[in-house]
Structure formats: C-alpha cells, structure tokens
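Me: Can you walk me through this one? I'd like to go spot by spot.

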Amino acid sequence: MTAASKRRRDPVALAVNFALVLAACFALAPLLWMLSVSFMQAGEASSYPPPLLPAHPTLANYVQLFAQAGMGRYFVNSLVVATALTLGSVLFNVMAGYAFAKLKFKGRDAAFQALMAALVIPGQVAMMPLYLMLKQMGLVNTWAGVVLPGLAGIFGIYMVRQYARSIPDALIEAARIDGAGEWRIFWQVVLPMLKPVVVTLAVFAFLGSWNDFMWPLIVLTDGQLHTLPVALASLSREHVQDSELMMAGAVVTVLPVLILFLALQKHYMQGLMMGSVK
Amino acid sequence: MKPRNLAGWMFVAPALAVIGLFFILPVAAGLALSFTDFDLYALADLRNLRFAGLDNYVRVLSLPLFWTALLNTLEFVVLGVPLSIGLSLGCAVLLQSPLARFKPFFRTALFAPVVTTLVAVAVIWRYLFHVRYGLINSGLGHIGIGPIDWLGDPHWSMPAIVVFAVWKGFGANMIIFVAALQAIPDELYEAARIDGARRWAQFRHITLPMLGPTLLMVSVLTMAGYFQLFAEPYVMTQGGPLQSTVSVLYLMYEEGFRWWNLGQASAVAFLLFVLMVGVTQAMRRLGRGTEEAASA
C-alpha cells in the first residue's frame, strides 16, 4: 500500500478533511447563494421551496441597478473615496512610522507612547464632536468629511514602525554621508525597503474604506454622494421584497474587494499576523 | 547618531495633525459634550447650550432602553465571542493538521467572509434568515425542525445576529491562531507522542498552554469589537423586534444622529467606553493570573 492511499483510508484524515469541507461550505454558501440569486428573475427566490439555481438566468437585476438605482454612481463614489483615503493614509502612516522607528528626535518616545495609549479609545467616542467640527468647517456632506479623519491611523503607524526597525542604520547613515537630504533618503532608500508593509497597509486601507459604514452614513446625508454600503443599506430598506435586486447589489459591492483580496491575500494575511505578534 | 529634531517632527507632523485634530481633540470634546445639554436647539444656536453636570449620565442610566441595549449587547458578546473564538481555533487546528489537504484553498475559503462588506453580507443573511423563503429554515425543515422566525421573534433575533457575526469574523482570528500554532516547536509534540499522549491530551497539555498569550490577546480584541455592535442590527432588524437587537452603539446613533441629543449620545459613548475598558482589563488580569498559576 502506498503512503497516499494509506492516508486516504485513515479515518482521522477523513474526519479532518470532512470537517474542513463543512466549514468551507458554511463560509462560502451565503456568497454562492448571493451570486446565484442575483441572476434570478424578479420574484423567483421568493417561492417555496427556495430555489438554489436560477431557472432562466438573467442580467435584468444588474441592468435595473445601474440604469435605475444609480449603482454606477455609488460605485464611482466608493472608488474615489477609497482611493483617496488609501493614497493619503499610506503616505502619512509610512512617514510617521519610519520616523518613529529610525529618526531620533526630541519627544519621540513620549509621542509614540501617547499614541499607543490612545489605541484603546474606540472611534465612536469621537463621532459626535467630530460631526460638529466638520459641520463648522463646512465639510459635512462632502467626501472630504469622510476621508480626512481616516488619513492617519495609530495602528498603521505602529505596523510601519515595527517593520521599519529592521532597516539597517548604516544604510541611512551612508546616504547621509553622500549628502542626501532626509526627504530624499525617505523616497529613495527607505520607501523601496518598506514596500511589503506599504502594500499591506494599502490593502487594509482600501478594504477598510470600501467596507466602512457608520461614518459615511453619518457624514453623507445627500444621496448623490453615498458610498456603496450606505446606498445598499438604504436601497435594502426600500426594496425589502426584491431579494434578486438586492443580491445583485451585494455582488457589485462585495466582488471588487473579494477580487482585490484574492490578488493580494498574502500581504493581507501578513498584516493581520503583524498586528497580533507584538 | 545625532538627533534630527526638525526632520523627525516634519515626518510625523502630518499624521499627528490628523490624529490630533480628528481624533484626540474630538474625544476630549466628547467628554465635555457629555456634560452639556447639547441638542437640536443648541445645534441651531449655540447660545442655547447649557452646562448640565452629570445630568446626561443620570438620565441615560435611568433610561429603560439603555439597560435593554446593554443587556442585548452583553448577550451578543457572551454568545458571540466564545463561539467565534472556538470556531476560529477549531478551524486553525484543522488547517494545521498534517492530514489536511488543499490547505491554501480551505484557508482562503474560510477567510473570505472577513473581507466582505458588512452591509452587503448582512443583506444576504437577512434573506437567508427569512421565515418562509430562507435557506436556513428550508434546511432545518429537512431535518424536521419547524420554521423559526429568526429576525421576527425577539428570542431568536439576537442569536441570529450572533450566527451572522460569527460567520463574518471567525476567519480573522483563525489566521492569527494558525500563525501561533506554527510557532509551537514540533519537538514538544514528538516528546508527547513518545510518552504515549493521545491527540486530545496533546491539544490539552501542549497546544492550549502554548497558545495562552495569543488566546488572551485574541479574546480581548474580539470582545472589544463585539461590544461595538451596530451595522448588523441597523441593516437586518433596525433594532427590532420589540427592541431586542438595539445595541448600545445603535442607541448612541439614534440618540445622536436621529434625535440630535448629542450631549446624551456622548454620555452613552463614554459609558460604553468605560465598560469596555473595565471588561477587557479584568480579562487581562484574569488571563495573567491563570498563566502565573500554570507556570507556578
């Protein structure tokens, strides 16, 4: 008997793999069901017993979403907000994380300690005053109001600092001796070495912004500016009965982040583990 | 290395400015706001603003809905956190098993719900939980369990939201557990095998103690996250039925941004914050005590 066939007959191996298949079904079934229902005719999913596959697949739900419900606009809104937030927050967090790790300056450790202490404060505590502040600044109901508060994050700074500590000082010192300014060292020496953490940070920022709900819900009162999650939540309150339409909306919202995750999952998971190993 | 004060501060300035202006300052202002009667009238004209001392806190604490929301949130935390961590740990152990096949596929599949948009998948689960046309009741019907009105029955609404939240989140902790499991030296298991320890004994006496610190950290973070329940009830139940899914944060949102009682909403936010810090600190202390007891 070969090792492989022996392994296949081992009842424990069978149980382990069976349990994994069950868990994967639990994780994927809702997403597959969403995809299937999004291609059903209007009303088809609301029959008994509930059908698993569309009898006559149709794109009508997607057409209706984009032609009548303005899904294209919300998609672009989400894309603009998430892109702006990703570019800005990556730059600011990487600059700060690098400085906290590698540049010596007065008050550095105290500032970093203060940031770490603030990490325990949940964001909701700041929401009411932040709303009033943005209202004063005329930023309520603008994308700037959504993006600005997210342009730097304590956790992101911490992540970059952890990573940047492995950059050899000699390398930075050598660049200084060659007469390079701090800004040039940052762009030409440091940034290329931080590439892995930059990608991780960018994936986190983009997914976080794309999926964010509570803050855009509060700041964006004008429907024209809504991001996908906010638009989807209000659509789902209007169209409670139209499960097929709502599933198409869910597909449009979820698919981009799922694809992004599949493409960059190594970086995403690394970030997750960096956050946990202190 | 000589200090570079100016350069250093220039690099951290943008980030610190954002965090200071849009986070630290509002947190401090929030504390101040919670001691005022800031409401719709003050929103219209700041001259209507009055210092209210502890009035907001007294009012919130005497509000029956606050206690309902607190109990609902605690139900969500007490049911959800152990379930979520148990499932994460179970799947991590399965994924780490040398007997498991197609590991990259399973890892990605189990993790996929984590990256999905909460609002979108909440919409999906609302239909899955549908009393007549939902797949869950249809599946239960096959094994002879009568239809349950998951989101319409106050007894089932919070458990239903727990099931959804566990589905959405367990993959994140699973990945952290996988990393921690990989860090346990193989020699420990080999020694145990030589001593004749069975699988369960190995898990109980090697895996769990070695995972101790990770388990504690994951529990604290997961619990902090579960206390901030909001979007699930907002999309799936709107706090109903019979206020059975109103969470503390949902109450804060309604008070603050629906009724514009921003002072009172701030008091709710700070009460939640104090509760979270209290519970997570108690857990840390408890966890450290257990570790010391185990090593003593």
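Me: Is A:N141 buried, partly exposed or exposed, and why?
Reply: This is a predicted model, to start with. A:N141 counts as partly exposed because it has 16 C-beta neighbours inside 10 Å; the buried class needs 20 or more and the exposed class 12 or fewer.

Me: Where is A:N141 in the chain?
Reply: In the loop between α6 (124-136) and α7 (143-147) of chain A.

Me: What about phi of B:F102?
Reply: Positive as well: phi of B:F102 is near 50°, and again the residue is not a glycine. B:F102 sits in the loop between α4 (64-96) and α5 (103-115) of chain B.

Me: Buried or exposed, that B:F102?
Reply: B:F102 is exposed, because it has 12 C-beta neighbours inside 10 Å.

Me: OK, new topic. How many helices and strands does chain B have?
Reply: Chain B has 13 helices and zero strands. Its C-alpha trace spans about 80 × 70 × 35 Å along the principal axes.

Me: How much of chain B is buried?
Reply: 42% of the 296 residues of chain B count as buried. As for contacts in chain B with a separation of 6 or more, 68% are between residues 24 or more positions apart.

Me: How many residues does each chain put into the contact between A and B?
Reply: Chain B puts in 75 residues and chain A 79. On the chain B side, helix α1 (residues 5-33) gives the most, with 19 residues.

Me: How does that side of chain B divide into nonpolar, polar and charged?
Reply: There are 59 nonpolar residues, 13 polar and three charged on the side of chain B that touches chain A.

Me: Back to chain A. At what angle do α4 and α11 cross?
Reply: Helix α4 (residues 71-102) and helix α11 (residues 195-211) of chain A cross at roughly 145°, with their axes coming within 8 Å. The crossing of α4(A) and α11(A) is right-handed.

Me: Which residues meet there?
Reply: From α4(A), they include A:V81, A:L85, A:S89 and A:V90, and from α11(A) they include A:L201, A:A205, A:F206 and A:W210. The residues of this α4(A)–α11(A) contact divide into eleven nonpolar, five polar and no charged.

Me: Last one: helix α10 of chain A. What should α10 span, and what are its end C-alpha atoms apart?
Reply: Its twelve residues (182-193) should span 16 Å at 1.5 Å a residue, and the end C-alpha atoms of α10 in chain A are 15 Å apart, which agrees.

Me: Which residues of α10(A) are buried?
Reply: A:I185, A:F186 and A:V190. The buried residues of α10(A) fall within an arc of 100° seen down the axis, so they line one face of the helix.

Me: What covers them?
Reply: The cover over the buried residues of α10(A) includes α4 and α9 (169-177) of chain A.

Me: And which exposed residues are on the face turned away?
Reply: A:W187, A:Q188 and A:P192, on the face of α10(A) turned away from its buried side.

Notes: Residues are numbered from 1 along each chain as its sequence is written. Chains are lettered from A and ligands numbered from 1 in the order in which they are written. This is a predicted model: local features need pLDDT of at least 70, side-chain atom pairs count only at pLDDT 80 or more; totals for chains, interfaces and linings use all residues. Axes are lines fitted to C-alpha atoms, for helices over the stretch in contact, and angles run from 0 to 180 degrees between N-to-C directions. Helices (H or I, at least four residues) and strands (E, at least two) are DSSP runs, numbered from the N terminus. A crossing is left-handed if the near helix is turned anticlockwise from the far one by less than a right angle, and right-handed if clockwise. Two residues are in contact if their C-beta atoms, placed from the backbone, lie within 7 Å. Ala, Val, Leu, Ile, Met, Phe, Trp, Tyr, Cys and Pro count as nonpolar, Asp, Glu, Lys and Arg as charged, and the others, Gly among them, as polar. The expected span of a helix is 1.5 Å times one less than its number of residues. The arc is that of the directions from the helix axis to the C-beta atoms.
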